[in-house]
Amino acid sequence: QRTIDIFDERLHPLSKEPPEMRDPDHRTIYRFVRTLFNAAQLSAECAIITLVYLERLLTYAEMDISPCSWRRVVLGAVLLASKVWDDQAVWNVDYCQILKEITVEDMNELERQFLELLQFNINVPASVYAKYYFDLRTLADHNELAFPSEPLSKERAQKLEAMSRVCEDKLGELHRNGLKKWSSLDNVNNLSVRRSTAILS
């Protein structure tokens, strides 16, 4: 099993509680994702892009998700997806208020390494989005689950492609110019307007 240190909660804890050493059930995963999405006010489309980035990471990095890494892997994917898709992306400091034990520096490093492992490939063409959307809808239908999200309209599909391409181009330019370190996409991406801080009550 190949793991990467930045995702290991034993090295980079998200809470004071030690990480579980057994595989999480679907309810545990759902609660974690729902907490992030509700607190950060993320869209359903962002969830689909998160899944695209998760699968891309596992393929590119040839790594496995383990009981002590899955939450940080998901967090990294949500972080990037929200910055690429949502008009008012949540900043890294906002996630630190959702997950009280994590520092901004840790979030920045998680984001940086996630991007490097994706080889800066954050572009999501409409055809890729549509494939994931219909795969998820089929899975929901087979399990008799509600699937509230609608397919992307032509306008929103064009927006997704344009935003992800612009972000990818900016990152590629920074990488080609030798800028190996950056604090986060918060400072690279001028596409988004800062949203008010999301806090769990």
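Phe-7 touches Leu-57, Met-63, Cys-68, Ser-69, Arg-72, Val-73, Leu-110, Phe-114 and Leu-117, leaving aside residues up to four places away in sequence. The model is predicted, and the values reported here are computed from it. Phe-7 itself lies in the segment before α1. Another, Phe-114, belongs to helix α5.

The protein as a whole is helical in its assigned elements. Its secondary structure comes to 8 helices and 0 strands. From the N terminus on, the order is α-α-α-α-α-α-α-α. Of the 201 residues, 46% count as buried. The accessible surface comes to about 10,800 Å². Carbon and sulfur atoms account for 51% of that surface.

The largest nonpolar core has 48 residues. Those with the most contacts inside it are Phe-7, Tyr-53, Leu-57, Leu-75 and Tyr-95. Six named helices, α1, α2 (44-61), α3, α4 (92-98), α5 and α6, each give two or more residues to this core. The largest share, 11 residues, comes from α3. Two of the residues with the most contacts in the core, Phe-7 and Leu-57, also touch each other.

Helix α3 covers residues 70-85 and has 16 residues. From its first C-alpha to its last it reaches 22 Å, close to the 22 Å expected at 1.5 Å a residue. The helix is mostly covered, with 16 of its 16 residues buried. Beyond four places in sequence, Arg-72 touches Ile-6, Phe-7, Asp-8, Glu-9, His-12, Leu-14, Ile-102, Asp-106 and Leu-110.

Aromatic pairs were examined next. The count comes to 3 aromatic pairs. In one of them, the ring centres of Phe-7 and Phe-114 are 6.0 Å apart and the planes stand at 90°. The pair is therefore edge-to-face, since planes over 60 degrees apart fall in that class. Phe-7 lies before α1 and Phe-114 in α5, so the pair ties together parts that are 107 residues apart in sequence. Both residues are buried. Another pair is formed by Tyr-133 and Phe-134, with ring centres 4.8 Å apart and planes at 85°. This angle also makes the pair edge-to-face. Tyr-133 is buried, with a relative accessible area of 2%, whereas Phe-134 is partly exposed at 38%.

Phe-37 sits in helix α1 (residues 26-40). Its relative accessibility is 11%, so Phe-37 counts as buried. Leaving aside neighbours within four places in sequence, Phe-37 is in contact with Leu-42, Ser-43, Cys-46, Ala-47, Thr-50 and Val-78. Val-78 is 41 residues away from Phe-37 along the chain, yet their C-alpha atoms are separated by 8.5 Å.

Cys-46, one of the contacts of Phe-37, is buried at 0% relative accessibility. Cys-96 is also buried, at 11%. The disulfide count for the model comes to 0.

Gln-119 has a positive phi of about 55° although it is not a glycine. Phe-120 likewise has a positive phi, near 60°, and is not a glycine. Gln-119 is placed in the loop between α5 (104-117) and α6 (126-142). Phe-120 is found in the loop between α5 and α6 as well. Which of the two residues is exposed, and which is buried? Gln-119 counts as exposed because its relative accessibility is 56%, over the 50% cut-off. Phe-120 is buried because its relative accessible area is 10%, under the 20% cut-off.

Key
Residues numbered from 1 in each chain as written. Predicted model: local features only at pLDDT ≥ 70, side-chain atom pairs only at ≥ 80, totals over all residues. Heavy atoms only, no water. Helix = DSSP H or I, 4+ residues; strand = E, 2+ residues; numbered from the N terminus. Buried < 20%, exposed > 50% of the residue type's maximum accessible area, 1.4 Å probe, protein only. Disulfide = S-S within 2.5 Å. Contact = heavy atoms within 4.5 Å. Expected span 1.5 Å × (residues − 1). Areas by Shrake-Rupley, 256 points an atom, 1.4 Å probe, with all protein chains shown as cover. Core = buried A, V, L, I, M, F, W, Y, C linked by side-chain atoms within 4.5 Å. Phe/Tyr/Trp six-rings, centres within 6.5 Å; stacked < 30°, edge-to-face > 60°.
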